[in-house]
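I opened the notebook to record what I looked up in one structure.

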Amino acid sequence: MPEWYSHPFFLLLPTAFFTLAIFSFLYKDNPMFKLAEHVFAGLSAGYYFGLIWQSVIRQQVWMPLTQDGQWSVLIPGVLGLLMFARFFPRIGWTTRLPLAFVIGSTAGIMFIQQLHGMVLPQVGRTLLPLDSLRNILIIVGVLTTLIYFYFSKPHTGTLGWIASVGIGFIMVAFGAHFGYTVMARVSLLIGRVQFLLVDWLGVAR
Amino acid sequence: MNIIAHPKSRPDVVPVNPGVRSVRGALDSRFRGNDDRGVKAFWECGGLLSVAEQAFIGLITVVLTMHLVLPCIASGDGQFAGVFRIERINALVLSVVFGAAVLWYIAQARRGAKMYIRPIPGLSAVDEAVGRATEMGRPVVFIPGTGDLDEIQTIAGLSILGRVARVTARYNTPLRVPVLYPLPMAAAQETVREAYLDEGVEHQDPETVQYVAGESFSYSARVGGIMMRERPGAAIYMGLFTAESLLIAEVGQSTGAIQIAGTAAPDQLPFFIAACDYVLIGEELYAASAYLSGDPKILGSLKGQDLMKIVITVIVLAGVLAITFGQNPEWLTTIFEAK
Amino acid sequence: MKSRLPVLVAFISGALMILAFFGRGTVVDAVSDRALTWQTIVGGFSLLLGAVSIARVHWKKVATKHEDRLYSLCLLICFIVMGGSGVINGIGSGTLFDTLFQRIQAPMMSTMFSVLAFFIASAAYRAFRARSVSSAILLVAAVLVMLGRIPMGQYIYHGLPSWADWIMTVPSMAVQRGILIGAALGAASMSLRIILGIERTYLGRG
């Protein structure tokens, strides 16, 4: 292998090319970005395919079936195959069965998870003594935000006033989160610029 | 919610003309039409409670029996003692109260009680956005979030997709639904196909609902590319979003599309508010399907949610007073522990 | 049958999950554990549908000599090489699958993520330009938190970091809690509607 090939400039050339190609999208749509976009989509779809093939189809279906004789995996296997029934008009409706199974079980899990894992602890944490401005603001913030989501009556009169206090709190929170995230995103950008200038071109330290 | 940006503030937004207003009126009535034929005959017995609701109450009864009755019977030899998670009794009580509140209002809706739901600006804007895309001859892009089908927000997004697809089918407006994972893609294809069939249209275009990528950043890049080239008239984002929310919404903004977003992920809401014309916050996402369907039964379930909000408010106020002026009872905080 | 059975399947699988939550060591518990694995397996099979979707969309462009055919061909080649190498040679470190991920895909992911820095700036500009009380509140909170989180903030006013911290831990946290409680009620209600067969739009039915 020629020596020049092992230089970081050439070793990192593909990575740098695709990095610049994606940044070029900030200017406007162009063939370089279009190429990067399609390569990116193809690779990540392939990545997901390989990952799920190995971790689900092979490890959770094929191996238990052939090595451990777990015939029960045939049930989800058949349900999974029913997804392809859509290509056969006569039995096309059966494609809804695996979807109904997944959506139904998700609904069952979520019903409990949201009430037990979300409502109970969040309400519990709001039970604070009225002994500081901090606690009072937290209680007022939680309740007015909750009342903002009240659907059964128009937001007029007292309800409207409470809801507008709620929206004030919501705007403070959103602004705060926006400001909080800006710095994190800027540090990510600095990381990519460092890759281009330091790792690839070696023009800065 | 239309707090920050508004289409009128953008020079590239074409004002909606009277022709579209009539389309909008048609869309409005369509959205609010009660169109749940099909499974009605079996699943709804026509009485106060459906078969499913009776079965659900039966289920809760079984759980209550497991919790309360059997342990009492078994108190002698402890045969059943290990079978029941008695520490989850708080979740059971909450589930029963919540289920009862929702079922009560659904039963009221069946009896014909009027269900008022306040207008939600982001949802009123859905038909305007589709009408505008129809008038401009541009597609509607719908993104049902970037979560898999094991997320309830994805399912909420798919429900809204069903309503939007009926309208795009009716007015022959091109619809683009790029999806991140294959399972929501399968569900979205089924939803769109049935919605088109309901409008008497046989749907065949594989590009309408397409699997784009298995990873969220490549998905954002691909969706960005699709939007820049197809320049949609309306872009609707409903479901679970993570960091890619702003990547998608900013590109959509640059194309001049009317943008409506809805998510229950609090972290992403500030970015949608900055980039979109209308935003559905948190619970409004789940209310969207009810609002768009106009189905009294679904609207009734929203009333049940509202009753729970009142119950929670009263509990919080009572609990706060008890803790402030009482002896800080430990039992009060342990009631709300998730075990 | 075509409509009833899916609704019945959704009801049984949802109800089973609720029942299992309250039981311990029961048959229902075991079945619900297995149901979660089954959910993953069903999702795994949908992967092939995804592959069919990609192939149909992009092969059509290649076959019809669409102007984007070369890009589509590129996408298909990348998909086949990455996916194929994962299926044939595995996904462990040192494989072609891993190398392509580390050398090409992961840097592209980081780059796309970093693009957010530009987008957040343009979104902020637009949001803050809107003249309303709401946007003014949003702007003030954002600026305070942003300045409080950078070293320069301390030089402007020494109390800024603690102000930023207070905003994050008091009003911001209270709102997060309010949104989470409301969203949880909405999600639970939607789940109940699905289990009871009232919400069927996911099957294409209102």
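My entries below cover a sheet, a pocket and a pair of helices. The model is predicted, and I read every entry with that in mind.

**Entry 1: the sheet in chain B**

I began with the strands. In general, strands of a sheet pair through backbone hydrogen bonds, and the pairing is either parallel or antiparallel. I found six strands in chain B that form an open sheet, with parallel pairing and the order 3-2-1-4-5-6. Strand 3 (209-211) and strand 6 (278-281) of chain B are the edge strands, and each of them pairs on one side only. On average, neighbouring strands of this sheet are turned by 15° against each other, direction ignored.

I then looked up one pair of strands. Strand 5 (residues 258-263) of chain B pairs with strand 6 of chain B in the parallel sense, over four bridges. I noted one partner: Gly262(B) is bridged to Leu280(B) in strand 6 of chain B.

I moved on to helix 7 (residues 182-198) of chain B, which lies across strand 2 (175-179) and strand 3 of chain B. Its angle to strand 3 of chain B is about 170°.

Which helix gives the largest share of the lining of the largest pocket? I found that helix 7 of chain B does, with five residues. Helix 2 (27-63) of chain C also supplies at least two residues of that lining. The volume of this pocket is about 670 Å³. The lining has 25 residues, and the closest to the centre are Arg86(A), Arg193(B), His203(B), Gln204(B) and Arg56(C). I sorted the lining by class and got 10 nonpolar, seven polar and eight charged residues.

Last, I looked up helix 12 (residues 296-325) of chain B and helix 8 (residues 171-195) of chain C, whose axes come within 10 Å and cross at roughly 145°. The crossing is right-handed. I counted the contact residues by class as five nonpolar, four polar and two charged.

How values were computed. Residues are numbered from 1 along each chain as its sequence is written. Chains are lettered from A and ligands numbered from 1 in the order in which they are written. This is a predicted model: local features need pLDDT of at least 70, side-chain atom pairs count only at pLDDT 80 or more; totals for chains, interfaces and linings use all residues. Side-chain values use heavy atoms; hydrogens and water are left out. Two strands pair if DSSP finds at least two bridges between them. Axes are lines fitted to C-alpha atoms, for helices over the stretch in contact, and angles run from 0 to 180 degrees between N-to-C directions. Contact means heavy atoms within 4.5 Å. On a 1 Å grid over the protein atoms alone, a cavity is a set of points where a 1.4 Å probe fits but cannot get out, and a pocket is an open set with protein on both sides within 12 Å along at least five of seven lines; lining residues have an atom within 4 Å of a point. Grid points are joined across faces, edges and corners, and a volume is the space filled by probe spheres set on the points. Ala, Val, Leu, Ile, Met, Phe, Trp, Tyr, Cys and Pro count as nonpolar, Asp, Glu, Lys and Arg as charged, and the others, Gly among them, as polar. A crossing is left-handed if the near helix is turned anticlockwise from the far one by less than a right angle, and right-handed if clockwise.
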